[in-house]
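Visitor: Hi, I have a model open and would like a walk through it. Could you help me look around?

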Number of protein chains: 2
Amino acid sequence: MARTFNDRLRDAQGRSDSALCVGLDPRGDRLPSACGGEARPFFAFCRQVVDATAELVCAFKPQYACFAATGAFDELRTLIAYIHENHPGVPVILDAKRGDIGDVSALYAKEVFEVLDADAATVNPYLGWDAVEPFTRVPGRGAIVLCHTSNPGSPWLQEFPEAAPVYLRVAERVAKEDTGNLALVVGATFPGQLAAVRATAPDVPFLVPGIGAQSGDLEAVFANGLAADGTGLVVSASRSVIFAGEGDRWTDGVTAAATTLRDAMRRARDASFASRRDSGEAPAR
Amino acid sequence: MARTFNDRLRDAQGRSDSALCVGLDPRGDRLPSACGGEARPFFAFCRQVVDATAELVCAFKPQYACFAATGAFDELRTLIAYIHENHPGVPVILDAKRGDIGDVSALYAKEVFEVLDADAATVNPYLGWDAVEPFTRVPGRGAIVLCHTSNPGSPWLQEFPEAAPVYLRVAERVAKEDTGNLALVVGATFPGQLAAVRATAPDVPFLVPGIGAQSGDLEAVFANGLAADGTGLVVSASRSVIFAGEGDRWTDGVTAAATTLRDAMRRARDASFASRRDSGEAPAR
């Protein structure tokens with residue numbers, strides 16, 4: 001049987017022994033000077049970040065907004081093709097936060113999966129399940145549904161109402177509909193809510209932004225978010241990795257930052273897994 | 001003082017005496033044969049729809065997804081520039097359903113207002129107010145926040161929980177934050193909910209999709225959605241107008257469909273206004 005998106009994500013995690021997803025968020029004012037002079041500066045920059053970190057990650061996550069803000073769609077398309085060609089087996093998650101009425105969502109799914117050839121996209125559930133569903137139809141591809149986001153303003157809608165919050169309603173639905181093609185976005189900055197989502201959706205993978213520049217706590221993420229089998233977390237870092245280098249050998253700094261994060265994630269995962277095993281909460285691997 | 005987006009929308013409604021917003025949703029498989037052969041078929045088609053309806057509308061609403069699904073961003077940008085140049089005073093609402101964490105939403109606002117030069121965009125409130133706020137900062141431009149959408153799946157999240165539903169929480173916030181730069185998306189297919197949003201946000205303009213192809217009822221829209229002063233409704237129709245023509249003179253069919261809708265909206269507005277005046281609910285204009 002064909003591998004689902006979640007199978008492919010798990011394969012990539014197994015091969016790399018890494019939970020790290022590097023977010024590709026190029027900004028014109030933060031590019032190394034060597035890239036700034038290129039005809040396609042965002043592609044030139046991201047391509048080097050990709051090559052400097054591909055062995056250390058389970059996924060790449062290009063940020064649509066960064067490319068859209070300068071109309072650099074060709075660079076985004078070229079970047080995704082570059083990853084597939086040079087680092088096959090590393091899934092590409094397009095962070096685009098799509099969602100519209102059904103037939104319009106289907107057009108967005110076409111953009112994501114056909115025009116840009118991403119393996120998955122982040123999807124906004126505000127419009128309802130008919131907005132999400134078109135992203136779940138393509139074999140091997142996935143929809144990563146916003147659940148509890150990492151930004152300070154997220155509780156206003158997502159934790160409302162207190163007794164049965166929206167974000168858990170979303171988690172419950174995704175857990176029910178998942179056939180290997182669904183995951184959830186759960187921010188690192190709200191560890192208690194991360195635990196609640198894991199309790200609601202025990203087997204669904206989480207994409208976890210908010211460590212690094214947004215300063216979420218890695219230990220808390222693994223303690224609260226790990227699935228019973230020790231997998232289920234894809235933790236993304238963008239600025240803290242991609243802008244970590246300086247000077248001519250800036251990619252060395254990028255590799256070093258990604259290595260440090262990957263290793264910290266391994267330790268956090270192993271510590272959390274060991275502590276669950278000792279307390280009888282999880283089976284030994 | 002500079003005119004706000006809502007002032008400009010009201011100006012356009014006053015000039016045209018029309019509540020109709022034509023949605024520009026080009027689809028490759030539905031273009032008139034003459035446009036299909038053009039180098040820029042979506043632009044060629046939409047430009048003619050725009051010229052055929054500009055006197056009949058208070059706004060145009062290009063659908064981002066239609067252009068994104070084929071990577072036709074240059075055509076979208078060219079179309080918006082064409083509207084500004086040839087029909088100044090008709091606001092362009094980009095239907096893009098944006099929303100991300102604050103600094104990423106700011107990049108999307110840059111795409112919408114700088115790269116594409118739209119006057120307003122539809123914005124998704126799931127991430128919270130920090131996702132909406134970057135769209136409210138540019139003088140004269142606006143954010144049209146999803147409140148109760150027209151699709152069948154919308155109640156699942158938006159009407160939850162029954163006693164104090166999410167869509168009214170959004171309406172309340174927008175009413176509170178509005179300084180002439182905010183409006184709400186409220187679908188025609190849920191007239192009772194439209195009335196509830198109007199009661200919650202008495203002065204905020206509504207963008208109302210869901211008539212025509214989605215078969216919402218125009219009389220119910222005006223009876224339930226009109227503001228006390230007889231304005232406040234921008235009712236969008238896409239497929240039922242733009243694909244109404246056939247043959248060589250296809251734009252005649254487009255003009256006719258838009259005229260019919262504009263007139264039906266005038267009648268619905270006047271009937272609703274008269275009935276409120278007679279019942280003492282609204283002041284005479």
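Predicted model: local features only at pLDDT ≥ 70, side-chain atom pairs only at ≥ 80, totals over all residues.

Visitor: Good to know. How does chain A relate to chain B, in terms of a turn and a shift?

Guide: Chain A can be laid on chain B by a turn of 180° with a shift of 0.0 Å along the axis, and the RMSD is 0.0 Å. That is the relation of a two-fold axis.

Visitor: And do both copies use the same surface or different ones?

Guide: The same surface serves both copies, since 100% of the contact residues of chain A recur in chain B.

Visitor: Which residue of chain A comes closest to the rotation axis?

Guide: That is Tyr126(A), whose C-alpha is 3.0 Å from the rotation axis.

Visitor: How many residues does the contact take from each chain?

Guide: Chain A gives 53 residues to the contact and chain B gives 53 residues.

Visitor: What area do chain A and chain B bury between them?

Guide: Together they bury about 4,600 Å², with 59% of it on carbon and sulfur atoms. On the side of chain A, Tyr126(A), Trp156(A) and Arg169(A) supply 19% of the area buried against chain B, more than any other three residues.

Visitor: Tyr126(A) again, then! What about Trp156(A), which residue of chain B is in contact with it?

Guide: One of them is Arg173(B). Leaving aside neighbours within four places in sequence, Arg173(B) is in contact with Trp156(A) and with Trp129(B), so to speak one partner from each chain.

Visitor: Where does Arg173(B) lie?

Guide: Arg173(B) lies in helix α9 of chain B.

Visitor: And what separates Arg173(B) from Gly71(B)?

Guide: Their C-alpha atoms are separated by 35 Å, and the two residues are 102 residues apart along the chain.

Visitor: New topic: helix packing. At what angle do α10 and α11 of chain A pack?

Guide: Helix α10 (residues 191-200) and helix α11 (residues 218-225) of chain A pack at about 20°, and their axes are 8 Å apart. Angles under 35 degrees count as roughly parallel, and α10(A) and α11(A) are therefore roughly parallel to each other. As for handedness, α10(A) passes α11(A) in a right-handed crossing.

Visitor: Which residues meet there?

Guide: From α10(A) come Pro191(A), Leu194(A), Ala195(A) and Arg198(A), and they meet Ala220(A), Val221(A), Asn224(A) and Gly225(A) of α11(A). By type, the residues of this contact divide into five nonpolar, two polar and one charged.

Visitor: What does chain B have for α10 and α11?

Guide: In chain B, the axes of α10 (residues 191-200) and α11 (residues 218-225) come within 8 Å and cross at roughly 20°. That makes α10(B) roughly parallel to α11(B). The crossing of α10(B) past α11(B) is right-handed.

Visitor: Let's stay in chain B. How do the axes of α3 and α5 cross?

Guide: The axes of helix α3 (residues 41-53) and helix α5 (residues 73-86) of chain B come within 9 Å and cross at roughly 20°. So α3(B) and α5(B) are roughly parallel to each other, and their crossing is right-handed.

Visitor: Which residues make that contact?

Guide: On the α3(B) side they are Pro41(B), Phe42(B), Phe43(B), Cys46(B), Arg47(B), Val50(B) and Asp51(B). Those meet Glu75(B), Thr78(B), Leu79(B), Tyr82(B) and Ile83(B) in α5(B). The residues of this contact divide into eight nonpolar, one polar and three charged.

Visitor: Let's turn to the backbone. Is the peptide bond from Phe160(A) to Pro161(A) cis or trans?

Guide: The bond from Phe160(A) to Pro161(A) is cis, with omega near -15°. Pro161(A) is found in the loop between α8 (155-158) and α9 (166-177) of chain A.

Visitor: And in chain B?

Guide: There the peptide bond from Phe160(B) to Pro161(B) is cis, with omega near -15°. Pro161(B) is found in the loop between α8 (155-158) and α9 (166-177) of chain B.

Visitor: Last one: is the phi of Asp117(A) positive or negative?

Guide: Asp117(A) has a positive phi of about 60°, although it is not a glycine. To find Asp117(A), look in the loop between α6 (102-115) and β4 (120-123) of chain A.

Visitor: Great, thanks for the tour!

Terms used:
Residues numbered from 1 in each chain as written. Chains lettered and ligands numbered in written order. Heavy atoms only, no water. Axes fitted to C-alpha atoms, helices over the stretch in contact; angles between N-to-C directions. Helix = DSSP H or I, 4+ residues; strand = E, 2+ residues; numbered from the N terminus. Parallel < 35°, antiparallel > 145°, perpendicular 65-115°, else oblique. Left-handed = near helix turned anticlockwise from the far one by under 90°. Least-squares fit on C-alpha atoms with pLDDT ≥ 70 in both. Contact = heavy atoms within 4.5 Å. Buried area = accessible area lost by both parts, 1.4 Å probe. Nonpolar A, V, L, I, M, F, W, Y, C, P; charged D, E, K, R; others polar.
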